Amino acid sequence: MKFIISLFLGGLFVVLLVNNCVPDSGSRDQTNLQVVVRGAHFDRYATVWLERTGEPDIVPTAFTVVDPTEIRASLDLREKALGLWDVVVENQNTHQARLAE
């Protein structure tokens, strides 16, 4: 499932979108899981994190917005809850896109 936000800018609709995250799984003993988040219209100040109801967010130890379609992040998964997590990207204007798992 993809969560899409449409943003109207100067006569154009811009859609912030998260398409996938590779790899799409990890284990609780990984301290430096490298992931690539792909989508559309990430701005250079975008942030990324994993979110799950009832759990603290998993914020990357480091990340880089490579271009408007790709973010690379390092995640520390030690002692994190097992199960499915959403991947969330937020642009500087606070618009968010979510890849729900």
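1. The largest cavity has a volume of about 40 Å³. A cavity here is a set of points, on a 1 Å grid over the protein atoms alone, where a 1.4 Å probe fits but cannot get out; lining residues have an atom within 4 Å of a point. Grid points are joined across faces, edges and corners, and a volume is the space filled by probe spheres set on the points.

2. A word on the model before going on. This is a predicted model, in which local features need pLDDT of at least 70 and side-chain atom pairs count only at pLDDT 80 or more, while totals for chains, interfaces and linings use all residues. Residues are numbered from 1 along each chain as its sequence is written, and side-chain values use heavy atoms, with hydrogens and water left out.

3. Now, what surrounds that cavity? The lining consists of Cys 21, Val 35, Val 37, Val 48, Trp 49, Leu 50, Pro 60, Ala 73, Leu 75 and Val 87. Strand 4, strand 5 and strand 7 are the elements that give two or more residues to this lining, and strand 5 gives the most, with three residues. By class, the lining of the largest cavity has ten nonpolar residues, no polar and no charged. For these classes, Ala, Val, Leu, Ile, Met, Phe, Trp, Tyr, Cys and Pro count as nonpolar, Asp, Glu, Lys and Arg as charged, and the others, Gly among them, as polar.

4. On the overall fold, the chain has nine strands and zero helices. Its pattern, read along the sequence, is β-β-β-β-β-β-β-β-β. Both kinds of element are DSSP runs numbered from the N terminus: helices are H or I with at least four residues, strands are E with at least two. Of the contacts in the chain with a separation of 6 or more, 57% are between residues 24 or more positions apart; a contact means heavy atoms within 4.5 Å.

5. The interior deserves a look. Buried residues make up 35% of the 101 residues in the chain, where buried means under 20% relative accessible area, exposed over 50% and partly exposed in between (1.4 Å probe, protein chains only). The largest nonpolar core has 21 residues, and Val 18, Val 37, Phe 42, Ile 71, Val 87 and Val 89 have the most contacts inside it. Two or more residues come from each of strand 3 (12-22), strand 4 (33-40), strand 5 (47-51), strand 7 (70-75), strand 8 (86-90) and strand 9 (96-99). Such a core is a set of buried Ala, Val, Leu, Ile, Met, Phe, Trp, Tyr and Cys residues joined through side-chain atoms within 4.5 Å. In soluble globular proteins, nonpolar side chains tend to be buried together.

6. Leaving out residues up to four places away in sequence, Ile 71 touches Val 35, Val 36, Val 37, Phe 42, Ala 46, Val 48, Phe 63, Thr 64, Val 65, Val 66 and Val 89.

7. Leu 17 sits in strand 3 and is buried, with a relative accessible area of 16%. The C-alpha atoms of Leu 17 and Ala 97 are 5.4 Å apart, although 80 residues separate the two along the chain.

8. Which residue does Glu 79 pair with in a salt bridge? The partner is Arg 28, with the closest N and O atoms 3.5 Å apart. Glu 79 lies in the loop between strand 7 and strand 8 and Arg 28 in the loop between strand 3 and strand 4, so the pair ties together parts that are 51 residues apart in sequence. Glu 79 is exposed at 66% relative accessible area, and Arg 28 is partly exposed at 38%. The count comes to six salt bridges, each being a side-chain nitrogen of Lys or Arg within 4 Å of a carboxyl oxygen of Asp or Glu.

9. Two other pairs are worth checking. Glu 70, buried at 12% relative accessibility, forms a salt bridge with Arg 72, the closest N and O atoms being 2.8 Å apart. Asp 76 and Arg 78 form another, at 2.5 Å between the closest N and O atoms. Salt bridges that share partners join Arg 38, Glu 70 and Arg 72 into one network.

Note on methods:
On a 1 Å grid over the protein atoms alone, a cavity is a set of points where a 1.4 Å probe fits but cannot get out, and a pocket is an open set with protein on both sides within 12 Å along at least five of seven lines; lining residues have an atom within 4 Å of a point.
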